[in-house]
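Please view the sequence and the model together, then follow the topics below.

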Amino acid sequence: MTATVDSAEATELRVPILSARGLVKTFGRVVGLDGVDLDLYAGEVLAVIGDNGAGKSTLIKCLTGAHIPDAGRLTLEQTPVTFRGPQDARAAGIETVYQTLAVAPALDIASNLYLGREERRKGPLGTIFRMLDHRGMRDRASAAVRDLGIQTIQNIQQTVETLSGGQRQAVAVARAAAFGSKVVVLDEPTAALGVKESNQVLEMIKGLRERGLPVILISHNMPHVWEVADRIHIQRLGRCAGVITPQSHTMSEGVAIMTGATSLIDSPPSD
């Protein structure tokens with residue numbers, strides 16, 4: 001029996017943190033998803049790849065509440081869930097960092113981390129006068145940045161508009177890591193970054209995995225996928241064309257399956 005098969009059997013014995021079965025999503029006559037299954041396990045990076053129009057974004061939006069599937073089911077820690085919006089997914093512990101980042105440039109780093117989750121001071125100052133705990137939020141924001149090993153951010157009170165692209169991405173990832181208690185979803189996190197900043201983001205992804213936090217990574221950058229992913233979910237024409245690993249298939253083989261040049265049946269795992 002090959003190591004690949006052993007690994008597959010070991011995966012099947014684990015219980016997924018997030019699971020999707022038979023997801024269907026249509027937009028009029030356009031089929032976005034056509035019965036897609038997905039499993040995400042604790043402490044792994046699951047990459048989702050596919051050509052334009054393959055259904056990657058639709059799949060992620062169905063997993064994170066931005067879209068409501070027409071059919072299929074989702075389970076989070078073996079409990080059936082229905083997300084009616086992104087807030088439902090966030091409340092359940094699923095944080096998403098979109099390519100647009102959704103940061104507020106005029107606010108400082110700490111304020112961005114707690115945007116929409118501002119904490120009030122304890123006692124009457126918070127309950128009666130509704131005063132915010134700015135010092136506490138700054139301290140906890142600094143700890144979140146430090147825990148991710150982000151060295152390029154020194155002043156937590158610095159406004160986001162003065163940061164580089166990589167630093168802004170770091171702020172968004174730190175926010176997701178701080179509040180994503182169960183799952184972190186990263187949508188093209190290195191798309192607009194240079195080599196150095198991309199490497200910093202990849203190191204942060206590895207850091208999340210080391211903390212036991214499962215990560216879904218959507219990316220067109222195949223070298224990055226093969227560097228950090230534990231498993232790779234391939235989307236093609238609204239369906240899952242297969243799930244491979246960087247050990248079972250080369251980058252060229254994965255791209256061939258993604259583009260339809262070959263299939264997972266025609267490109268079996270290497271021994």
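**Briefing: sheet, helices and cores**

An open sheet of mixed pairing is formed by 6 strands in the order S6-S7-S8-S3-S9-S10. Strands, like helices, are DSSP runs numbered from the N terminus, with at least two residues (E) for a strand and at least four (H or I) for a helix; two strands pair if DSSP finds at least two bridges between them. The edges are strand S6 (94-97) and strand S10 (239-244), each of which pairs on one side only.

The model is predicted: local features need pLDDT of at least 70, side-chain atom pairs count only at pLDDT 80 or more, and totals for chains, interfaces and linings use all residues. Residues are numbered from 1 along each chain as its sequence is written, and side-chain values use heavy atoms, with hydrogens and water left out.

**The open sheet and its helices**

- S6 pairs with strand S7 (residues 183-187) in the parallel sense over 4 bridges, and Val-184 in S7 is the bridge partner of Glu-95.
- Helix H2 (residues 56-63) packs on the sheet and touches strand S3 (45-50), S6, S7, strand S8 (215-218) and strand S9 (231-236); contact means heavy atoms within 4.5 Å.
- The direction of H2 makes about 140 degrees with that of S3.
- Helix H7 (residues 165-179) also packs on the sheet, where H7 touches S6 and S7 and runs at about 175 degrees to the direction of S6.

**Helix H7**

- The 15 residues of H7 reach 22 Å from the first C-alpha to the last, close to the 21 Å expected at 1.5 Å a residue; the expected span is 1.5 Å times one less than the number of residues.
- H7 is mostly covered, with 11 of its 15 residues buried; buried means under 20% relative accessible area, exposed over 50%, and partly exposed in between (1.4 Å probe, protein chains only).
- Among the buried residues of H7 are Gly-166, Gln-169, Val-173 and Arg-175.
- The buried residues of H7 pack against S6, helix H4 (109-113), helix H6 (134-147), S7 and helix H8 (195-210).

**Nonpolar cores**

- The largest nonpolar core has 35 residues, and Ile-109, Leu-113, Ile-150, Ile-153, Leu-186, Ile-205 and Leu-208 have the most contacts inside it; such a core is a set of buried Ala, Val, Leu, Ile, Met, Phe, Trp, Tyr and Cys residues joined through side-chain atoms within 4.5 Å.
- At least two residues of this core come from each of H4, H6, H7, S7, H8 and S8, and H7 gives the most, with 7 residues.
- A second, separate core has 24 residues, including Ala-20, Val-48, Leu-76 and Ala-89.

**Antiparallel pairing**

- Strand S1 (residues 18-27) and strand S4 (residues 71-76) pair in the antiparallel sense over 5 bridges; Leu-74 in S4 is the bridge partner of Ala-20.
- S4 pairs with strand S5 (residues 79-81) in the antiparallel sense over 3 bridges, and Val-81 in S5 is the bridge partner of Leu-74.
- S4 and S5 form a hairpin with 2 residues between them, and Glu-77 in the turn has a positive phi of about 55 degrees.

**Arg-211**

- Arg-211 lies in the loop between H8 and S8 and counts as partly exposed because its relative accessibility is 47%.

Notes. Axes fitted to C-alpha atoms, helices over the stretch in contact; angles between N-to-C directions.
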